[in-house]
Amino acid sequence: MALELNRRYLKYFFEPVAESFEEGFWEAVKQKKLVFQRCKECGEFLHPPRPMCHRCHSYDLEWVKSSGKGSIYSWVVFTREVNPLYRVPFEVVLVEMEEKGVRFISNMAEGNPEDLYFGMPVEVVFVDINDEWPLPMFKPVK
Amino acid sequence: MTIKNKACIVGIGSTEFSRASGRSEIHMAVDAAMAACRDAGLKPEEIDGAVKFGTAGQTSTEFTTETDVARCLGIPNLRYFAEAPWGGGACCATILHAALAVSAGMANYVLCFRSLKPASGTVRYGRPANIPIDSHWSYTMPFGFASPTSWVAMFTRRWMYETGATNEQLGWVAIVCRENAAVNPRAIFYGRPITMEDYFNSPMLCDPFRMHDTCLENDGAVALIVTTPERAKDLRQKPAYITSAAMATGWDSYCMTSYYREKIGIPEMEEVGKELWRQSGLTPKDIDVAQFYAAFTSLVPMQMEALGFVGVGEGGPFCQGGDRIRPTGELPINTSGGMLSESYIHGMNMIAEGMRQIRGTSTTQIKDVENVLVTGGLGVPTSALILSQGR
């Protein structure tokens with residue numbers, strides 16, 4: 001099943017917008033790379049990104065390439081249409097990434113809703129939405 | 001120092017609740033405000049403070065400002081005005097602001113109001129067009145994750161996994177709220193109780209939520225008036241004393257999408273609870289009836305756990321069978337039907353119901369009510385109140 005777009009309704013795609021301190025994340029996504037922000041001072045991962053480390057208040061932050069691997073922390077299955085771009089049913093998953101403290105909202109690009117389970121291992125795969133935007137989605141680790 | 005017994009609510013005003021009000025938000029706000037003045041025995045021109053709702057981060061359906069209401073009512077001057085943000089999270093916070101204002105002498109009579117027209121107006125909740133360009137939505141909306149039902153479903157599924165709660169237990173919340181609404185002529189679900197079969201047969205909207213897990217979408221307005229206990233003595237109605245009032249964001253809070261903190265449930269309500277019990281000196285055992293903000297069924301047992309009525313993992317079983325949350329149970333809940341069954345006025349109708357329980361005028365009146373808990377919306381920064389009989 002997984003996510004299937006009804007491309008007639010691409011105009012309903014919510015294009016990501018970024019504050020200055022988030023640009024690194026979305027620029028990487030455009031290049032089909034998943035990166036997370038990390039504090040160089042205390043090592044805290046910060047997702048969504050921030051202007052400053054909320055633990056140690058350092059401004060010395062860096063973008064670190066993600067392993068792309070994680071596990072299912074929770075999920076929902078849309079069974080009634082909210083946005084016609086997204087054909088129902090489809091899953092939205094909350095993935096707990098290998099990077100400590102990072103969770104990420106996304107879709108399943110492969111698999112079936114009924115096969116999802118808590119702690120299920122998944123890995124990132126980029127899916128093209130339109131000419132400009134690929135999005136990081138997930139598939140079961142085989 | 002606390003707010004205890006320094007302010008009270010003295011007037012309730014409400015419009016009818018309907019699927020199509022046939023008039024604008026401002027009109028309904030004015031109708032509710034006038035009704036609250038009549039109920040309290042106040043002339044509208046005596047109102048000198050007002051607190052409105054905001055949604056902070058979502059495009060507003062809050063077209064009605066405090067000045068709109070003041071102008072229409074002929075209020076000569078508002079010397080105190082404020083806004084409580086975060087949609088449903090704001091409901092008890094409006095009363096908190098008003099209580100601060102009257103107890104500090106910033107105003108004599110403060111009007112708190114909410115007017116909503118999601119059923120027949122131009123702006124409806126949960127539609128993609130309703131979300132403005134605000135960068136934190138970039139981490140959810142591009143993935144089609146675009147409705148309040150889905151946002152609450154996400155942390156509800158995790159909570160169900162961690163506590164073992166079941167859909168049947170959530171079904172009992174829906175059934176009991178419908179039972180209470182069935183005898184409340186104001187309620188959208190007046191005269192329409194449901195069975196467990198109805199619950200399970202209702203369409204799945206966003207798994208794990210079915211239609212009967214989700215709140216109403218209707219038009220209406222509710223207004224409440226807050227003053228000091230001294231001034232309340234000269235008014236028409238028995239006042240409901242504010243024993244405690246609290247707001248909280250909790251750690252790492254986002255609007256509806258706080259998925260990045262250690263607990264993705266409702267930790268803000270745990271913070272609210274600590275403050276409610278500290279200010280009041282009361283414990284959950286002292287609450288005779290609770291009006292839990294329930295835009296979704298799971299929020300009732302989750303709040304029972306967060307506020308310490310039951311232990312973690314006991315909220316779901318507490319709702320099983322419905323008897324413990326019915327009017328004759330240990331903790332009667334949502335006696336008007338609440339937001340699942342009476343009306344969705346972002347919780348203001350539940351404060352009104354809390355007041356009716358203090359006055360003894362509810363359609364599902366609980367005996368010998370001393371203290372009533374009312375809570376605000378979840379998944380956002382939130383608020384809560386304890387209302388009590390005067391001494």
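Reply: In this predicted model, the contact draws 39 residues from chain A and 38 residues from chain B. About 3500 Å² is buried between chain A and chain B, and 65% of that area is on carbon and sulfur atoms. On the chain A side, the residues that lose the most area to chain B are Phe14(A), Ile105(A) and Phe118(A), which together account for 20% of what that side buries.

Turning to polar interactions, 19 residue pairs are in polar contact across the interface of chain A and chain B, both residues being at pLDDT 80 or more. The count of salt bridges between the chains is 1. Arg50(A) forms a salt bridge with Asp252(B), with the closest N and O atoms 2.8 Å apart.

The side of chain A that touches chain B receives two or more residues from each of helix 1 (23–30), strand 4 (69–78), strand 5 (90–97), strand 6 (103–107) and strand 8 (134–140) of chain A. Strand 4 of chain A gives the largest share, 6 residues. By class, this side comprises 25 nonpolar, 8 polar and 6 charged residues.

The second largest pocket holds about 500 Å³ of space. Its lining comprises 24 residues, and those nearest the centre are Arg55(A), Trp251(B), Tyr260(B), Arg261(B) and Glu262(B). Two or more lining residues come from strand 2 (45–46) of chain A and from helix 8 (267–280) of chain B. Helix 8 of chain B supplies the largest share, 4 residues. The lining of this pocket divides into 13 charged, 6 nonpolar and 5 polar residues.

Technical notes. Residues are numbered from 1 along each chain as its sequence is written. Chains are lettered from A and ligands numbered from 1 in the order in which they are written. This is a predicted model: local features need pLDDT of at least 70, side-chain atom pairs count only at pLDDT 80 or more; totals for chains, interfaces and linings use all residues. Side-chain values use heavy atoms; hydrogens and water are left out. On a 1 Å grid over the protein atoms alone, a cavity is a set of points where a 1.4 Å probe fits but cannot get out, and a pocket is an open set with protein on both sides within 12 Å along at least five of seven lines; lining residues have an atom within 4 Å of a point. Grid points are joined across faces, edges and corners, and a volume is the space filled by probe spheres set on the points. Ala, Val, Leu, Ile, Met, Phe, Trp, Tyr, Cys and Pro count as nonpolar, Asp, Glu, Lys and Arg as charged, and the others, Gly among them, as polar. Contact means heavy atoms within 4.5 Å. Buried area is the accessible area (1.4 Å probe) that two parts lose on being put together, summed over both. A salt bridge is a side-chain nitrogen of Lys or Arg within 4 Å of a carboxyl oxygen of Asp or Glu. A polar contact is a pair of N or O atoms within 3.5 Å; within protein, one must be able to donate a hydrogen and the other to accept it, and residues adjacent in sequence count only if both atoms are side-chain atoms.
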